[in-house]
Number of protein chains: 2
Amino acid sequence: MPRRSDDTRAAILAAARSRFAADGFERATIRAIAADARIDPSMVMRYYGNKEGLFAAAAEFDLRLPDLREVPASSLGERLVGHFLVRWEEDGTLVALLRAAVSQDAAVSRITAIFAEQVGPVVARHAPDPAEVPTRAGLVATQILGFALCRYVLRLPPVVALDREAAVGWLAPTIQRYLTGAV
Amino acid sequence: MPRRSDDTRAAILAAARSRFAADGFERATIRAIAADARIDPSMVMRYYGNKEGLFAAAAEFDLRLPDLREVPASSLGERLVGHFLVRWEEDGTLVALLRAAVSQDAAVSRITAIFAEQVGPVVARHAPDPAEVPTRAGLVATQILGFALCRYVLRLPPVVALDREAAVGWLAPTIQRYLTGAV
DNA sequence: CTCGTTTGCCAACAATTGTTGACTTGATCT
DNA sequence: AGATCAAGTCAACAATTGTTGGCAAACGAG
């Protein structure tokens, strides 16, 4: 059932995502988030319990990986990298997670879970050997998260300068090999 | 000339590196660092000015990349990845830099500088086209930093589980292609 | 309308933080 | 020995933080 405070809750969540993404967990203060949402800081506590609860709510995230069963195995890397790039840019949540992860165990668990539960199955469907699935998913994480780190958090100039096409061109073969390449 | 306080200064720096690496910039408090070094917090201020000054001193870092001019171009990736892994594990400074980078502009500049000044020349010596050097160095950064992030900061289980040999086996071809591969 | 519940704001608390200044100890040099 | 200066200790400040409880207004059910 819809509550009268749903707008406020949503405003808090949106402000929290943006602040967490921009400043990380500790530097994003509840007072700043509340100011962005134009409400009193105490409302945040009422609706989300405490700062960690707010983060947990703001860090809810679905990669929305498409169904790749009909995609030829050889263009898997390309499709995956393309999807990641789009998803990363349209939703700041992943950046918030990444920024918070360095000091927030909850964020680490969330990232771990995302790669295990959402990327894992895709890998499982195409990896040569089931025993290698976690390793391959982990390797995919190293390249995808590393690219996101350099592009959206560190903002290394040459990595920021890459357009989407070039980024896919460089990263896709890497992901492809981590998914299906020989050990 | 050696000062009588050199031992104290070194103890502060060591404690700072370890705390920054373990907790990140904001959660590593001066009080905790001083306690580790068994001195008064005010000594930190006296010798390093403020917290940022302490971090700047603690984040001094040299990759110590070996001279790779005589290495055959084809085993460049392998040598580089191996060196990175060793360096990363013997010195916590890089992890401290990585952890601090999400909220500390100084750390970002330092990482940017390290890759531009220390990795850049290696790339320059082997890249087909000089114009591509920054891009290629940036790509190397995405994979190397991504691996370090997943292994030492996030501690993703499958990435932690890789032994050095396996890690080199997986990453070396990626780095090799970013260094010398076709665009 | 009336009552209870929800929503919101205000002020304040306790803890922690980086940082500062005054004071004491100890070594070094004349 | 006495003077000088670095090295170290102690206590406190000012600001910021997450968090709490009380109170006023708005709403919805009866």
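Predicted model: local features only at pLDDT ≥ 70, side-chain atom pairs only at ≥ 80, totals over all residues.
Me: How much area do chain B and chain A bury between them?
Reply: The size of an interface is often given as the accessible area lost when the parts come together. Here chain B and chain A bury about 3,400 Å² between them, with 72% of it on carbon and sulfur atoms. Each side is counted too: 41 residues from chain B and 41 residues from chain A take part in the contact.

Me: How many salt bridges and polar contacts cross the interface of chain B and chain A?
Reply: The rule finds zero salt bridges there. It does find 14 residue pairs in polar contact, both residues being at pLDDT 80 or more.

Me: Which helix supplies the largest share of the side of chain B that touches chain A?
Reply: H8(B) does, with 14 residues. By class, that side of chain B has 25 nonpolar, 10 polar and six charged residues.

Me: Where do polar atoms of the protein meet bases or phosphate of DNA strand C?
Reply: A polar side-chain atom of Arg31(B) is 2.7 Å from a base nitrogen, and a side-chain N or O atom of Ser42(A) is 3.2 Å from a base nitrogen. At Lys51(B), a polar backbone atom lies 2.8 Å from a phosphate oxygen.

Me: Which element gives the most to the surface near DNA strand C?
Reply: H3(A) does, with four residues. The residues of that surface divide into six nonpolar, six polar and eight charged.

Key. Residues numbered from 1 in each chain as written. Chains lettered and ligands numbered in written order. Heavy atoms only, no water. Contact = heavy atoms within 4.5 Å. Buried area = accessible area lost by both parts, 1.4 Å probe. Salt bridge = Lys/Arg side-chain N within 4 Å of Asp/Glu carboxyl O. Polar contact = N/O pair within 3.5 Å; in protein donor to acceptor, adjacent residues only side chain to side chain. Helix = DSSP H or I, 4+ residues; strand = E, 2+ residues; numbered from the N terminus. Nonpolar A, V, L, I, M, F, W, Y, C, P; charged D, E, K, R; others polar.
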